[in-house]
Amino acid sequence: MERKALEQKLTGFFEELHMHPERSYEEYETTERIKRELAAAGIEILQDVGLRKNFVQYVSCPTCGRTCIDVGGIMRRVQEELKGVKVPFKVAVMGCVVNGPGESKNASIGISLPGDGEAPVAPVYADGEKIGTIKGQARDAHSICERFHGMIDEYVRTHYGRKSE
């Protein structure tokens, strides 16, 4: 969901809650609804404040004119494929050489996709070290994503003894 749409949805939800105050015996229902709404929006309160550490953290660039691959689409696919994984690691999907290598190096595993005018290579980093390079044009985004996901599977298997689902 785009940031503006998410902001509008959560603002509307907030306003609705305050327009119809509940009696105290209904607070549980409100709490559960807030939890569902925030989870649907991709907001996990405990993980966002660092109190829950058994989860995958995702880092992605906001995209700009340099980006020529659908970074958001690749990140959504990675998130979907890692939905059931409950291990503490960070995945970065970045769209060019400006911030990509740095963010990717700071992640458990990360990819720096080629930006506009850049060579069609995507370096992949794990635990701060370059572990490989995926080659391919923007039109090969599906192939790049498949190969990156294979590298994520390998990372999860070797570090946590299981395969990502």
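1. V121 of the predicted model stands opposite K135 in strand 5. Strand 4 (residues 121-126) and strand 5 (residues 129-135) run antiparallel and are joined by 6 bridges; two strands pair if DSSP finds at least two bridges between them. Helices (H or I, at least four residues) and strands (E, at least two) are DSSP runs, numbered from the N terminus.

2. The hairpin of strand 4 and strand 5 has 2 residues between the strands, and D127 takes a positive phi near 50° there.

3. The open sheet has 5 strands in the order 1-2-3-4-5, with mixed pairing. Strand 1 (56-60) and strand 5 are at the edges with a single partner strand each, so one side of each has no neighbour in the sheet.

4. Strand 2 (residues 89-94) and strand 3 (residues 109-112) run parallel, joined by 4 bridges. M94 has S112 in strand 3 as its bridge partner. Helix 4 packs on the sheet and touches strand 1 and strand 2, contact meaning heavy atoms within 4.5 Å.

5. Helix 4 (residues 71-81) packs with helix 6 (residues 141-160) at an angle of about 35°, their axes 11 Å apart. Axes are lines fitted to C-alpha atoms, for helices over the stretch in contact, and angles run from 0 to 180 degrees between N-to-C directions.

6. Residues are numbered from 1 along each chain as its sequence is written. Local features need pLDDT of at least 70, side-chain atom pairs count only at pLDDT 80 or more, and totals for chains, interfaces and linings use all residues, while side-chain values use heavy atoms, leaving out hydrogens and water.
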